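Subject: Structure handover

Hello,

Here is the structure for your files. Please open it alongside this note, as my findings follow below.

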Amino acid sequence: MKRIIFLFRNYRSLFRIKLKFSRPNKNRILLFDYTNEAIFKRLINRKIEVLYRRLEEINLYVLFMAIKSYGFFNLGKSYIKTYIEYVEPKIVITFNELHETFYLLKKLVKKNSFYTIAIQDGYRTLPNFSSFNLTNIKRYKVDQILNFSRKDKKLYENISNSPKVVAGSFRNNFYKKTKNINSKKILLISQYRDEYKNNEKIKYFIREKKILDFLKTFCKKNKIKYLIATKPGVSKNNYMRAFNLQKDSEIISDLNFKKKYEIVDKSEVTIFADSSLGMEALSRGNKVISFPFKPYLGVPKFFWSHKIDQDIFEKKLNLIYGMKINTWLKKIKNKKEVFVKYNPGNTILLKIIKKYLKNNDE
């Protein structure tokens, strides 16, 4: 039923589905879902197979064999099972770690043995795992879960007993830090989506409007420029209308990830509420200010406040904006990875992959 509802809501995407007619190639590494496909291929520098599961591509050969073997009941899982059986991977990796089925693959596919790695791909809270049966977490098994931080590692104990390692953010680790270039601008990382004004998430819109109004006042008073990076799918025009901004406002939308990290690295200060990119900015050693909804427990308060008004905002921003980078780095020493570990080059992930493939060859 869920799949039928999904197809009904996304009927236009049916016309963009790529169809394949030949059976998938055997490969030692299978990526479950296309998330981070391009940069993952660049990182490991080898061919992989990708199991697309959001109607980007359908392998008709696999679909036919799945129906032939298992019928139409639970076709989604039958398709996944059949696909994996044809690829015969040694490692199955996903960056869509919110997908419940991934944690059931070892039970679903018994014909092949493989190593499974689930990699956290964003800032998470427990409600993100609403599709999981959290009263029976023993059923969710993978060989390794890679988390952003120690805090996230504890969170994921609520969804699986599987081994976990802190490895940071894959994308953040992939893109090198831009050095010695500073624009003196203040960057606001937006959390706004167009639907937030009309549903229970309106609190995100209200909080961002406060932050933006305070930022405009501060910048006008101090003759400092600011820019806004919107979330994917939020256009510059829609953002300007939502927040009543002038046409000359510097708003950057639909950036590729490389460009986003370059802008974060070049900005004098990055401001955010609850944002993975903001937390990644801190891990890279950049100056940040956060205004979260809830307090960060055990984290020095000089760069964040869950309470916000013009006075609090300006005190924080005056302090951080004028702070020399060496002073900043000393103050956040041993704290910059409290939200996200920084592992340039994703060496932790690469080591896990290489070790398993080597052991599997022996």
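Which residue in β3 does Leu31 stand opposite? Leu31 stands opposite Val50.

Before the rest, a word on the source. This is a predicted model, where local features need pLDDT of at least 70 and side-chain atom pairs count only at pLDDT 80 or more, while totals for chains, interfaces and linings use all residues. Residues are numbered from 1 along each chain as its sequence is written, and side-chain values use heavy atoms, with hydrogens and water left out.

Helices and strands here are DSSP runs, numbered from the N terminus (helices H or I, at least four residues; strands E, at least two). Strand β2 covers residues 29-32. Ile29 and Leu31 point one way from it, and Leu30 and Phe32 point the other way. All are buried. Buried means under 20% relative accessible area, exposed means over 50%, and partly exposed lies in between (1.4 Å probe, protein chains only).

β2 has two parallel partners to look at. Two strands count as paired if DSSP finds at least two bridges between them. With β3 (residues 49-51), β2 pairs in the parallel sense over three bridges. With β5 (residues 91-94), β2 also runs parallel, joined by three bridges. There, Ile29 stands opposite Ile91.

β2, helix α2 (residues 37-44) and β3 make a right-handed β-α-β unit. Right-handed means that, with the strands pointing away from the viewer, the path from the first strand over the helix to the second runs clockwise.

**Salt bridges**

A salt bridge is a side-chain nitrogen of Lys or Arg within 4 Å of a carboxyl oxygen of Asp or Glu. The count comes to 19 salt bridges. Three pairs are worth a look.

- Asp213 and Lys216: the closest N and O atoms are 3.8 Å apart. Both sit in helix α8 (residues 202-222), and because they are three residues apart there, about one helical turn separates them. Asp213 is partly exposed, at 28% relative accessibility. Lys216 is partly exposed too, at 26%.
- Arg284 and Asp265: the closest N and O atoms are 2.9 Å apart. This pair links distant parts of the chain, 19 residues apart. Arg284 is in the loop between α11 (276-283) and β13 (288-290), and Asp265 is in helix α10 (residues 257-266). Arg284 is buried at 3% relative accessibility. Asp265 is buried at 5%.
- Glu268 and Lys287: the closest N and O atoms are 2.6 Å apart. This pair also links distant parts of the chain, 19 residues apart. Glu268 is in the loop between α10 and β12 (269-272), and Lys287 is in the loop between α11 and β13. Glu268 is buried at 8% relative accessibility. Lys287 is buried at 5%.

Salt bridges that share partners also join Asp33, Arg53 and Arg54 into one network.

**Cavities and a pocket**

The search ran on a 1 Å grid over the protein atoms alone. A cavity is a set of points where a 1.4 Å probe fits but cannot get out. A pocket is an open set with protein on both sides within 12 Å along at least five of seven lines. Lining residues have an atom within 4 Å of a point. Grid points are joined across faces, edges and corners, and a volume is the space filled by probe spheres set on the points.

The whole structure holds two cavities of 30 Å³ or more. Ala, Val, Leu, Ile, Met, Phe, Trp, Tyr, Cys and Pro count as nonpolar; Asp, Glu, Lys and Arg count as charged; the others, Gly among them, count as polar.

The second largest cavity has about 40 Å³ of space. Among the residues that line it are Ile119, Phe170 and Asn346. Its lining has five nonpolar, four polar and no charged residues.

The second largest pocket has about 390 Å³ of space. It is lined by 21 residues, and Lys177, Asn182, Asp265, Asn286 and Ile325 lie nearest its centre. Five lining residues are nonpolar, seven polar and nine charged. Asp265 is the salt-bridge partner of Arg284 described above.

Best wishes
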